[in-house]
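Here is a short report on one protein model. Keep the sequence and the 3D view open as you read.

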Amino acid sequence: MPIGPEPGLEARLTGALAHSPLAARIATAAAPLADRRARDAAAEQLEGPALSGLARALAASPESARYLSLRPGLFARLAALAADSLERRAGELPGLALPDPSTAREDFLDALRLLRRDELLFAAALHLAGLAPFERVAEFLSRVAETCAARALAAVEGRSPDETGILTVLGMGKLAGREFTYHSDLDVIFLFRDDVADAYPPSRLAQRWISSLATMTGAGFAYHVDSRLRPSGQQGALVTTVEAFARYQTRQAETWEHVALQRARAVAGDRARVQAELERVREQIAREAASPWRYLRDMRGRVVAERGTEDADSAALKAGRGGIMDVEFLGAGALLERGLVLAPGALPSVPAMLRAALRVPAVERLLDDYAFLRRIEACARWLAGRPVESVARTGEAADWLADLVEPGQTAETLDAALAAARERIAAGFERVAAKETIEALAP
């Protein structure tokens, strides 16, 4: 019997989702890609996990398919996905060639945006192919963000990426702990050298840095930037000296600011010097801090009331009771309670903070639930194309989300597993808050 021609690209992408609720979305998503790239050598190479991962990524994000149709080089990379692709690409990031911002600023800005968009789709395809666990994907996305942050800072200061200038960017939260996810913002604080007498030049540099990453161009935007965690919040100066920042944190900052500072790391600029000062400040806070648990209990109650509302159709994954925020507060609160700091140079991730404070099986079980919630959050963000705090529990969106989290899983199964994980997290947080010690997690 003669062998017929190989199925076309669109048919192969559709076939990869034959038993998935995402199948209904792939025809529309695949059409622009098939129109432009079906004759590429990469289209013939695409098979196995690479085919499955790309089909899942594009069905969940049709906009990514339109983007990919215009990026033949990226399509070739995606067709060649393998288990070691993430590590190899991470090693290439520091040496990536970008246009010279001094002579081709618009090209440079577009290049930053294309870099972020390329690597976002690259990471999602690997993740959804099952070729990389989400924890490694999160670290990779964080490294991409750090690369963009450092290159943009060098550009606005008019220096080589290997040199240091007057401004340093502190990454906060997920960026600091390399726990980035899809469509994460850059939460940052700007510090400048103590020997710079006038704050106006570094303030202008910080504004230009924000513009370099957040302004929309023909290539989109790189990252949204949030600088509200700076001293005195939105009412405070955009930039402050390293010395003034240290003085504020040790003399004036409130408990919530000390909590936030546990997840801070210098990501661009004079990183070594500022990181050393940051660790000194955290050591002083750790020696002097009172127990944070009553404050955190009350704060979590307010957040749940304001942002954690949910119903039969949606679950408040981040801010709701037993959400991601509970585990984040447990990690930072545990360090403050114990008067501990992480080892110099350690990433201030939530798992690292909890393990530094308490090494018992209950912590590992809690972190397994935290990782599960993070995977759900990542898939929900990929589906939405933006940050989300709640996820659908019913309807088509819930079916798509369940299948992204684990192929073949139903929305009902995911909802039950999510509810159980959140109940365990909530029970742990509430025990700790009631007893005012992280030891309450232990049997």
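Not counting residues within four places, Arg381 is in contact with Thr181, Tyr182, His183, Ser184, Arg386, Pro387 and Val388. This is a predicted model.

Arg381 sits in helix H17, which covers residues 361-384. Is Arg381 buried or exposed? Its relative accessibility is 7%, so Arg381 counts as buried. One of its partners can be described in more detail. The side chain of Arg381 reaches the backbone oxygen of Tyr182, at 2.9 Å.

**Phe108**

Now turn to helix H8, residues 105-128, where Phe108 lies. Phe108 is buried because its relative accessibility is 2%, and buried means under 20%. Which residues does Phe108 touch, leaving out those up to four places away in sequence? They are Leu98, Pro99, Pro101, Arg151, Ala152 and Ala155. Thr168 gives a sense of distance. Phe108 and Thr168 are 60 residues apart in sequence, and their C-alpha atoms are 21 Å apart in space.

**Cysteines**

A disulfide is a covalent bond between the sulfur atoms of two cysteines. How many disulfides does a search of the whole structure find? The search finds zero. Two cysteines can still be placed. Cys148 has a relative accessible area of 0%, so Cys148 is buried. Cys379 is also buried, with a relative accessible area of 2%.

**Two positive phi angles**

Most residues other than glycine have a negative phi. Two residues here are worth a look for that reason. Arg178 is not a glycine, yet its phi is positive, near 50 degrees. Arg178 lies in the loop between strand E1 (167-172) and strand E2 (186-192). With a relative accessible area of 16%, Arg178 is buried.

Glu436 is not a glycine either, and its phi is positive at about 60 degrees. Glu436 is found in the segment after helix H19 (411-435). Is Glu436 buried or partly exposed? Its relative accessible area is 26%, so Glu436 is partly exposed.

**The largest pocket**

Rolling a probe the size of a water molecule over the atoms shows where empty space is left. The largest pocket holds about 1,100 Å³ of space. It is lined by 28 residues, and those closest to its centre are Asp187, Leu229, Arg307, Lys318 and Met325.

Which helices each supply at least two residues of this lining? They are helix H12 (255-261), helix H14 (293-307) and helix H15 (324-338). H14 gives the most, with four residues. Sorted by class, the lining of the largest pocket has 14 nonpolar, three polar and 11 charged residues.

**Cavities**

The count comes to three cavities of 30 Å³ or more. Two of them are set out here.

Start with the largest cavity. Its lining is made up of Val391, Ala392, Arg393, Ala398, Leu401, Ala411, Leu414, Asp415 and Leu418. Strand E7 (390-392), helix H18 (395-405) and H19 are the elements that give two or more residues to this lining.

Next comes the second largest cavity. Leu170, Leu191, Val242, Phe245, Ala246, Val274, Glu277, Leu278 and Val281 line it. Helix H11 (242-251) and helix H13 (271-288) each supply at least two residues of that lining.

Key. Residues are numbered from 1 along each chain as its sequence is written. This is a predicted model: local features need pLDDT of at least 70, side-chain atom pairs count only at pLDDT 80 or more; totals for chains, interfaces and linings use all residues. Side-chain values use heavy atoms; hydrogens and water are left out. On a 1 Å grid over the protein atoms alone, a cavity is a set of points where a 1.4 Å probe fits but cannot get out, and a pocket is an open set with protein on both sides within 12 Å along at least five of seven lines; lining residues have an atom within 4 Å of a point. Grid points are joined across faces, edges and corners, and a volume is the space filled by probe spheres set on the points. Ala, Val, Leu, Ile, Met, Phe, Trp, Tyr, Cys and Pro count as nonpolar, Asp, Glu, Lys and Arg as charged, and the others, Gly among them, as polar. Buried means under 20% relative accessible area, exposed over 50%, partly exposed in between (1.4 Å probe, protein chains only). A polar contact is a pair of N or O atoms within 3.5 Å; within protein, one must be able to donate a hydrogen and the other to accept it, and residues adjacent in sequence count only if both atoms are side-chain atoms. Contact means heavy atoms within 4.5 Å. A disulfide is a pair of cysteine sulfur atoms within 2.5 Å.
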